[in-house]
Amino acid sequence: MRKLLLATAAILIAAAGAAYSQDAKMSFFVTSVGSGKGADLGGLKGADAHCASLAEAAGVTGKSWAAYRSTSDTDARDRIGKGPWVNAKGVKIADDVASLHSDANGITKQTALNEKGEVVNGRGDTPNRHDVLTGSKPDGTKIADQTCGDWTMSGAEGAAMMGHHDRTGLDDSAAAKSWNSSHASRGGCSQEALKGTGGDGLFYCFATN
């Protein structure tokens with residue numbers, strides 16, 4: 001009888017673990033790498049494909065992915081589905097679009113993980129990679145002149161609005177702590193320009209389904 005009870009308990013625990021794993025399947029991450037060409041990913045289509053490729057390489061399949069990026073005629077907040085979203089460790093980032101763009105979101109350095117479940121370097125690390133490309137205002141709407149030509153530019157011209165995934169900057173201002181709208185790139189849209197302010201051409205990816 002004791003053996004039967006132990007076996008039953010083991011089955012229940014395993015089933016609960018499988019259910020949790022399914023519920024916690026990743027639907028949000030920061031890209032581990034960018035395009036290598038600064039802010040140029042071939043527009044939104046290329047950025048979305050980059051999200052999908054990284055997710056699939058990490059073993060997450062069957063999802064549609066959207067890059068959190070605004071363009072001159074598109075708001076990032078309208079591209080990412082309805083939520084909720086969880087990171088690679090199953091930690092909830094936000095329930096919906098409204099909470100994502102409020103103080104209630106769960107984005108921090110410890111939760112804004114890449115698709116491999118790794119912490120992304122932030123301010124104080126070497127190299128600092130906390131600048132994340134968004135082209136967006138704090139509410140997730142577009143800043144038309146700060147999207148590096150709708151994510152097709154990689155030279156000395158243009159600029160991109162970026163957020164801080166670690167919610168840390170030079171001071172305690174709201175902008176410095178913003179995950180999606182801290183400051184524009186300086187010196188253009190190239191990889192070197194992005195690195196110059198503490199970035200690496202990284203961006204947020206959200207599962208839309």
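How many salt bridges does a search of the whole structure find? The search finds five, where a salt bridge is a side-chain nitrogen of Lys or Arg within 4 Å of a carboxyl oxygen of Asp or Glu. The model is predicted, so that local features need pLDDT of at least 70 and side-chain atom pairs count only at pLDDT 80 or more, while totals for chains, interfaces and linings use all residues. Residues are numbered from 1 along each chain as its sequence is written, and side-chain values use heavy atoms, with hydrogens and water left out.

**Fold and surface**

The protein contains five helices and eight strands, taken as DSSP runs (helices H or I of at least four residues, strands E of at least two) and numbered from the N terminus. Their order along the sequence is α-β-α-β-β-β-α-β-α-β-β-α-β. Of the 209 residues, 50% count as buried, meaning under 20% relative accessible area, with exposed over 50% and partly exposed in between (1.4 Å probe, protein chains only). Among contacts (heavy atoms within 4.5 Å) with a separation of 6 or more, 68% come from residues 24 or more positions apart.

**Nonpolar core**

A nonpolar core is a set of buried Ala, Val, Leu, Ile, Met, Phe, Trp, Tyr and Cys residues joined through side-chain atoms within 4.5 Å. The largest one has 40 residues, and Trp 65, Leu 100 and Phe 203 have the most contacts inside it. Elements giving two or more residues to this core include helix H2 (43-57), strand E2 (65-67) and strand E8 (199-207), of which E8 gives the most, with six residues. Leaving aside residues up to four places away in sequence, Leu 100 touches Ile 80, Trp 85, Ile 93, Ala 94, Asn 105, Ile 107, Trp 179 and Phe 206.

**Charged pairs**

| Pair | N to O distance |
|---|---|
| Asp 48 and Arg 79 | 2.7 Å |
| Lys 142 and Asp 75 | 3.3 Å |
| Lys 109 and Asp 125 | 2.6 Å |

The salt bridge between Asp 48 and Arg 79 links helix H2 to the loop between E2 and strand E3 (85-86), across 31 residues. Asp 48 counts as buried because its relative accessibility is 17%, and Arg 79 counts as buried at 18%. In the salt bridge between Lys 142 and Asp 75, Lys 142 lies in the loop between E5 and H4 and Asp 75 in the loop between E2 and E3, 67 residues apart. Lys 142 is partly exposed at 29% relative accessibility, whereas Asp 75 is buried at 15%.
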